[in-house]
Amino acid sequence: MHVVGIVLVLVVLATTVATFARRLRVPAPSLLVLAGIGVALIPGVPALHVPPQIIGMVVLPPLLYASAEELSLRDLRTVWRPVTILSFGLVFASAAAVGFTAVAVAGLPPAMAFVLGAVLSSTDPVAVTALGRRLALPGRVQVLVQAESLFNDATSLVLFKVAVGIAVAVGASVSVPAAGGEFLLLGGGGSLVGAAAAGLVWLVRRRTTDPVLETVIALVTPYAAYVLAESVHTSGVTSVVVAGVLLGRSGHRLTDAHIRLQLGAVYAVVVFLLESVVFSIVGLELPTLVRDLPAGTGLWPLQALALAAVLIAVRVLSTLPLTRAVKPTQGRLSWRVAGVVTWAGTRGVMPLAAALSIPLVADDGTKLAGRPLVLVLTTAVVVFTLVVQGLTLAAVVNRSGLALEPEHTAREEDDARDALNHAALDHVEHLATLEVMPKTAVDRVRRSLTARLDRTPETPDGTTADAAYRQLRHEVIAVQSTELHRLYDEHRISDTTRRRLQHDLDREEAALGTP
């Protein structure tokens with residue numbers, strides 16, 4: 001009951017905080033972390049100790065899957081080179097810089113400093129996606145930030161496992177071939193498992209028409225991909241990400257409008273609850289971990305600040321040469337893009353879960369020196385990035401001049417709607433010449449489409465919607481959906497516009513009922 005009570009309190013807290021976050025127009029994750037710290041400081045509140053297995057097994061898979069589904073595969077193809085470089089080079093550079101800094105300013109043993117560097121070397125896809133949803137960034141910049149955070153986990157996970165192996169084994173040495181083989185096993189094997197899981201789910205969902213079964217399959221998919229990968233000793237995180245990217249691109253071809261709307265609503269609730277709980281946990285953990293620190297570690301706030309500064313500096317130096325590949329317009333200075341990409345690279349739940357999984361003792365039975373300080377520094381850096389970078393990210397984006405103006409987004413959406421309506425009207429006129437549909441149904445649909453193009457309100461004529469009319473409307477929506485994806489594939493609209501218009505088409509089709 002103790003755990004259930006804590007979860008219920010976190011859900012109520014998260015709902016309240018999210019409501020205030022919307023009114024204040026600030027990121028909910030940042031406020032949730034602050035709220036968690038505030039609750040943990042209240043006298044009498046029990047200490048919170050969350051097993052890393054709970055975060056890794058229960059919370060992360062659906063959140064990673066939801067983030068991967070939102071990733072635009074079209075835009076990913078245009079930025080795969082900088083994403084690859086950042087997912088490898090930046091992770092190694094960040095781990096090395098943090099390791100050296102931790103030895104110098106925190107006095108950690110070199111092995112544990114290497115562990116800390118591996119833990120903090122990657123950004124967190126859950127935090128990045130949650131913070132980035134409300135920003136109107138150009139497609140390539142958004143995908144660069146989101147894709148890097150999704151794909152750099154395999155690299156940091158290998159570094160973490162190698163670092164922990166060195167820390168717990170007395171006299172251990174680093175084997176580069178062994179580390180390379182472990183990386184291929186984790187990253188490559190996880191990718192294969194994720195692709196196989198996506199293919200299997202695709203085959204099952206193609207033959208499923210029951211909304212309840214579809215919802216269950218969608219909820220189980222991230223857990224299945226994660227468990228399958230972990231059971232064969234590969235990266236469950238990579239498996240979930242690959243499965244999410246592949247299924248997210250083909251989702252509109254697997255289900256009908258009713259099921260897509262239902263899945264969207266269910267996943268929105270699940271993601272909200274899990275994100276709320278997990279960011280609250282980050283805040284709740286920090287005071288508890290600080291209380292467990294041994295004597296002589298009172299300078300941890302300054303040490304955490306130094307580590308966060310090093311991470312930001314390394315990220316700036318690494319992203320600046322690569323941002324030429326993602327310039328949204330000619331003449332835009334690349335340092336503006338580098339600033340946004342750097343400030344959007346927050347740390348989050350995954351570093352915390354990794355730090356909590358560090359063993360308590362070494363192989364010889366002695367207590368692992370520096371572990372409590374590593375936990376505190378990790379959590380403090382995570383809190384710093386979520387609060388400081390999260391609360392100021394919108395201002396940085398606005399100052400950079402990269403944010404898309406609301407007028408630009410509205411104009412793109414209006415132009416896309418006109419293109420869909422023109423395609424639908426051409427289809428209706430073609431049917432009218434063939435005389436294969438009743439004239440009354442054709443006239444009603446023609447009037448409706450013309451009113452939309454003229455930006456005038458549609459006036460119902462009081463005629464009963466018969467089967468022929470509903471069938472024609474379903475055909476028109478199918479034509480509009482095909483045109484929508486053609487516009488997207490030709491890079492004429494953004495992924496955000498595609499998703500919004502597809503949602504509108506799904507709502508319209510669901511309201512028609514069965515043709």
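Biologist: Which residues lie nearest the centre of the second largest pocket?

Modeller: This is a predicted model, in which local features need pLDDT of at least 70 and side-chain atom pairs count only at pLDDT 80 or more, while totals for chains, interfaces and linings use all residues. Residues are numbered from 1 along each chain as its sequence is written, and side-chain values use heavy atoms, without hydrogens and water. A pocket is an open set of points on a 1 Å grid over the protein atoms alone, where a 1.4 Å probe fits, with protein on both sides within 12 Å along at least five of seven lines; lining residues have an atom within 4 Å of a point. Of the 28 residues lining the second largest pocket, those nearest its centre are Leu 157, Phe 160, Tyr 226, Ala 354 and Ser 357.

Biologist: Which helix supplies the largest share of that pocket's lining?

Modeller: Helices are DSSP runs (H or I, at least four residues), numbered from the N terminus. Those supplying at least two lining residues each include H3 (52-69), H11 (211-231) and H12 (236-254). The largest share, six residues, comes from H9.

Biologist: Is Thr 342 buried or exposed?

Modeller: Thr 342 is placed in helix H15, residues 334-343. Beyond residues up to four places away in sequence, Thr 342 touches Ile 312, Arg 315, Val 316, Thr 319 and Gln 389 (heavy atoms within 4.5 Å). Buried means under 20% relative accessible area, with a 1.4 Å probe and protein chains only. Thr 342 has 3% relative accessibility and therefore counts as buried.

Conventions
Buried means under 20% relative accessible area, exposed over 50%, partly exposed in between (1.4 Å probe, protein chains only).
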